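Look at the model first, then read on.

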Amino acid sequence: MIVVEDVTIRYGAVPAVDGVSLTVERGEIVGIIGPVGSGKTALLECVEGTRSPDSGRVRVGGVDPHADRTHMSVIAGVAPAGVKYPGRASVGDISKLFAGFYPGGIDHLELLERFGLADRLRRSPNRLTPPEKQRFALVMALLGDPQVVFADDLHLDEDGIIAEQLRRCAREGRTILLASHHLAEAEALCDRVGVLVDGGLAALDTPWTIIRDHAGGGTTLADAYLALTGEPAHVH
Ligand SMILES: Nc1ncnc2c1ncn2[C@@H]1O[C@H](COP(=O)(O)OP(=O)(O)OP(=O)(O)O)[C@@H](O)[C@H]1O
């Protein structure tokens, strides 16, 4: 569903993303982890199509996501991060409004229920708790019944609703590409994990394979991450 071939992204002399290749199969959950500034956002932007790589090739569902924005708007949903919504608009109003853009999409009330937000209908999204904001962002991403879901800087909630719902999305055949600093949750959730270090993929495999190959006797993805990046896990 997602093909990234030898993608390089430059902002200055040093590439932000340097020759990255990866594929994501339909129904797979792939998480990109890596230190601050390692290129996760730049890579996701290229796959979402909001920017094009300086070299290399990206395909999502067979199309160039930067060139074919119309097709991407049909097949992909992006979980928006850090959005400030108009003051008086409520969770119910905004999700209903956006659902109206997607005839044949998923009912907004059903999604709010699935993500544990049914009792937040009248609240401003700006006043939700951080985990609720993340769940609302995923509701917004799913309104159009997308085949592919992108979530940059995904925050996973302790009660597991987000992980449970993303697993459900994958079982429904949706393909999920996320970036996160939450290593324990990414280890539990993702079919495969890519570790970006200075714009290059230092590892791309199932969490247990990365742990086996890189954790140096440790037992967690955080152990492997420390060995690969030289940094302890950083959650902001
Ligand atoms: N608009 C920009 N102009 C110049 N440099 C940029 C720009 N956006 C990103 N960069 C640089 O590209 C590199 C990769 O940044 P990117 O935001 O992709 O990292 P990240 O892994 O997503 O970080 P974070 O963990 O903070 O989300 C960094 O060195 C960053 O400073």
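Which strands does helix α1 lie across? Helix α1 (residues 40-48) lies across β1, β2 and β4, and runs at about 125° to β1. Angles run from 0 to 180 degrees between N-to-C directions, with axes fitted to C-alpha atoms, for helices over the stretch in contact. Helices (H or I, at least four residues) and strands (E, at least two) are DSSP runs, numbered from the N terminus.

This is a predicted model: local features need pLDDT of at least 70, side-chain atom pairs count only at pLDDT 80 or more, and totals for chains, interfaces and linings use all residues. Residues are numbered from 1 along each chain as its sequence is written.

**The sheet**

Three strands form an open sheet in the order β2-β1-β4, with antiparallel pairing. β2 and β4 stand at the edges with a single partner strand each, so one side of each has no neighbour in the sheet. From one strand to the next, the twist averages 20°. Two strands pair if DSSP finds at least two bridges between them; β1 and β2 are joined by six. Among the residues of β1, V3 has T23 in β2 as its bridge partner.

| Strand | Residues |
|---|---|
| β1 | 2-10 |
| β2 | 15-24 |
| β4 | 55-60 |

**Residue P80**

P80 is in the loop between β5 (76-79) and α3 (91-99). P80 counts as partly exposed because it has 15 C-beta neighbours inside 10 Å (buried is 20 or more, exposed 12 or fewer, partly exposed in between, with C-beta atoms placed from the backbone). Leaving aside neighbours within four places in sequence, P80 is in contact (C-beta atoms, placed from the backbone, within 7 Å) with A137 and M140. The C-alpha atoms of P80 and A151 are separated by 7.4 Å, with the two residues 71 apart along the chain.

Notes:
Contact = placed C-beta atoms within 7 Å.
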